[in-house]
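Thanks for coming, everyone. Please look at the model on the screen while I talk.

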Amino acid sequence: MLHGVVMSGGSGTRFWPMSRQARPKQFLKFGRERTLLQSTADRCQPLIDPQRVWVVTNAVQAVETRRQLEGVPPRQVLVEPTGRNTAPCVGLAALHLVRQDPDAIMVVMPADHSIQDGDKFRGALEQAVHLVEENPQRLVLFGVPPTYPATGFGYIEQGDELHAGSFQVASFREKPDHDTASEYLHSGHYLWNCGIFVWRAQTILDAIEKYEPELFAGLQPIAAAIGTPAEDEVLARDFPHLKSISIDYAVLERASDVCVVRAPFDWDDVGSWEAVPRAQGEDADGNTIVGSFCGVDTRGCIVHSTDNHLIATVDVEDLLIVHTPDATLVTRRGDEQAP
């Protein structure tokens, strides 16, 4: 049976002042009806009922996570004592899944990405599940066709085609420089690695055991304690000592049977305020507005206001202006993460 695993953490720094440590970007709506976290769970339905959704988060964000995802059983919000990167995160979720469903297939999704077309996402997800059912040892990734020479993403090189829209992975490429990214873009053989994965829970645990035996050994006391009175104590004791490593480095770049589904949907990792115009669009003056705003001779700005607070501008361009009840940010676009 198919289960959804949502990786939901983050420090809340990239979208300050809207985003804070206790309320990072996945809890925000960015002018829409649902938060990024809620949208991640929503787009899996009806393929994955909320009763089969699992979320891995941290103690600071666990209460808000449970509040936003009312249909998800509270016990399926797994709380990491400390962040240890994605391999321990995936391993922890897989331990719980195989205990409940030994044949579980899991789709692993970041909580803070934007995907516009739910139908296309579900179609691609069904294709990925078919690949796993065809060969239970397969590890499946989603790859997004690049639309510009991004230097902030990892890339996947397509190998032999398996079915229409799915390929063996020929290689993984690190974040490239601009010239290399341009080559990848124009070649048509490279995809952005968007960090969405599909595989059997037992298969990924077997792969962790094979490629990262120390990490696998560290997970075993946690596995043995699941469902016992000592579960929280063992997790708090042992999880912080697990090796901090991504699932890409730990397994995917070493495994042999890795394939990629070419994503047919629009995707954005919502990595900075510059993602808002891509999702919301711009007016005739190149402005992206969320909230109350009055602009005169204002061009190329991103303006985000809350609580009906009016922001007014005159004769400005290329600014980012974000108002919250307790803080306001005004900076040049692109400089919002500067020290």
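Glu-64 touches Arg-23 and Phe-27, leaving out residues up to four places away in sequence; contact means heavy atoms within 4.5 Å. Glu-64 sits in helix H2, residues 62-68. Helices are DSSP runs of H or I, at least four residues, numbered from the N terminus. Is Glu-64 buried or exposed? Its relative accessibility is 15%, so Glu-64 counts as buried. Buried means under 20% relative accessible area, with a 1.4 Å probe and protein chains only.

A word on sources. This is a predicted model, where local features need pLDDT of at least 70, side-chain atom pairs count only at pLDDT 80 or more, and totals for chains, interfaces and linings use all residues. Residues are numbered from 1 along each chain as its sequence is written, and side-chain values use heavy atoms, without hydrogens and water.

Next, helix H7. Its buried residues are Leu-215, Phe-216, Leu-219, Ile-222 and Ala-225. They pack against H3, helix H6 (201-211) and H8. At Leu-219 there is a kink of about 25 degrees, shortly before the proline Pro-221. That bend is the angle between axes fitted to the seven residues ending there and the seven starting there. After H7 comes Gly-227, with a positive phi near 85 degrees.

Last, the lining of the largest cavity. Which residues line the largest cavity? They are Leu-92, His-96, Ile-222, Ile-226, Glu-231 and Leu-235. Helix H3 (86-100) and helix H8 (231-238) each give two or more residues to this lining. A cavity is a set of points on a 1 Å grid over the protein atoms alone, where a 1.4 Å probe fits but cannot get out; lining residues have an atom within 4 Å of a point.

Definitions and conventions:
1 Å grid on protein atoms, 1.4 Å probe; cavity = no way out; pocket = protein on both sides within 12 Å on 5 of 7 lines; lining within 4 Å. Buried < 20%, exposed > 50% of the residue type's maximum accessible area, 1.4 Å probe, protein only.
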